[in-house]
Amino acid sequence: MPINENFILKNIGNEYMIIPLVDGGISFNRVFNVTETGALTFNLLKENRTVTEIVKEILALYDVSEEVCLKDTNEFIEQLRMRGIYND
Amino acid sequence: MIRVERFYPLIIEAFNEGRVFTFPINGTSMQPLLHTNDLVTLERISTIKKGDIIFYLRANGQFVLHRVRRIRADGYTFVGDHQTQEEAGIKLEQCIGKAISYKSVRKDKEYNFKGLGYWIYKHLVRFKLFRLICGKLL
């Protein structure tokens, strides 16, 4: 799985955050706050979905142009990569 | 600084999943042991002993990490290692987690509340005079 298994997505109220697991425990010092779309992207990546498929899912839910959506998704994945959450 | 109120539900969730929970602390009341931004790891409480460091919720909604000073019929008495004023009557239901280790940010080192050095410190810190001296020196 390209999503590093040492990261989990949590939802508190209307907030989403990607939290690292350290030795199986939750570590709250390096939390990555993400939007609802970010959370969806994270979950789809976890299911090994491609960027094209993810963009399609987002377009079905939000009123956004395909061009912007693709750019944002790639940027988000790059963020995940930089933080060691995603490795392809 | 991350507010505890924000991640409190996560602590409960972590414990329910059988995980420990690590978070950065804020404040001076547990100096010289713990300093702001040190990472403290909590586990679900099974037993509480005198000298344990417990994360609990005050009646006013404030979250605190202090050491058990006394155990009485009407609840636990807590005090910070850097404090002289004790806080009595904290009920078991108010106690959330027990500290099992911490990482000092200044020293970049992890400690697990075991070993002779900590044992000596834990017993010395019971004395108000020691806490007063610690407060002045550190």
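At 56% relative accessibility, Asp108(B) counts as exposed. The side chain of Asp108(B) meets that of Lys103(B) in a salt bridge, with an N to O distance of 3.2 Å. Lys103(B) is partly exposed, at a relative accessible area of 30%. The model that holds this pair is predicted. Over all chains, the structure contains 14 salt bridges. Side chains of opposite charge can pair when their charged atoms come close.

The interface of chain A and chain B has 2 salt bridges. One of them joins Lys10(A) to Glu13(B), where the closest N and O atoms are 2.5 Å apart. This pair crosses between chains. Glu13(B) belongs to helix α1 of chain B, residues 4-16. Lys10(A) belongs to strand β1 of chain A. The accessibility of each partner was also computed. Lys10(A) has 7% relative accessibility and therefore counts as buried, the limit being under 20%. Glu13(B), at 29%, counts as partly exposed.

Lys10(A) also meets the side chain of Glu17(B) in a salt bridge, at 2.7 Å from N to O. Glu17(B) lies in the loop between α1 and β1 of chain B, whereas Lys10(A) lies in strand β1 of chain A, so this pair joins two chains. Glu17(B) has a relative accessible area of 39% and is partly exposed. A network of salt bridges links Lys10(A), Glu13(B) and Glu17(B) with Arg19(B).

The contact between the chains draws on 13 residues from chain A and 15 residues from chain B. Together, chain A and chain B bury about 1,200 Å² between them. Carbon and sulfur atoms account for 61% of that area. On the side of chain A, Ile12(A), Ile26(A) and Phe28(A) lose the most area to chain B. These three residues together make up 51% of what that side buries.

Polar contacts were counted as well. Between chain A and chain B, 6 residue pairs are in polar contact, with both residues at pLDDT 80 or more. Three strands of chain A each give two or more residues to the side that touches chain B: β1 (7-12), β2 (15-22) and β3 (25-27). The largest share comes from β2(A), with 4 residues. By class, the side of chain A that touches chain B has 6 nonpolar residues, 5 polar residues and 2 charged residues.

Strand pairing also spans the two chains. β3(A) pairs with strand β1 of chain B, residues 21-24. The sense is parallel, and the pairing runs over 2 bridges. Within this arrangement, Ile26(A) stands opposite Phe21(B) in β1(B). Ile26(A) is also one of the residues of chain A that lose the most area to chain B.

Technical notes
Residues numbered from 1 in each chain as written. Chains lettered and ligands numbered in written order. Predicted model: local features only at pLDDT ≥ 70, side-chain atom pairs only at ≥ 80, totals over all residues. Heavy atoms only, no water. Contact = heavy atoms within 4.5 Å. Buried area = accessible area lost by both parts, 1.4 Å probe. Salt bridge = Lys/Arg side-chain N within 4 Å of Asp/Glu carboxyl O. Polar contact = N/O pair within 3.5 Å; in protein donor to acceptor, adjacent residues only side chain to side chain. Nonpolar A, V, L, I, M, F, W, Y, C, P; charged D, E, K, R; others polar. Pairing = 2+ DSSP bridges. Buried < 20%, exposed > 50% of the residue type's maximum accessible area, 1.4 Å probe, protein only.
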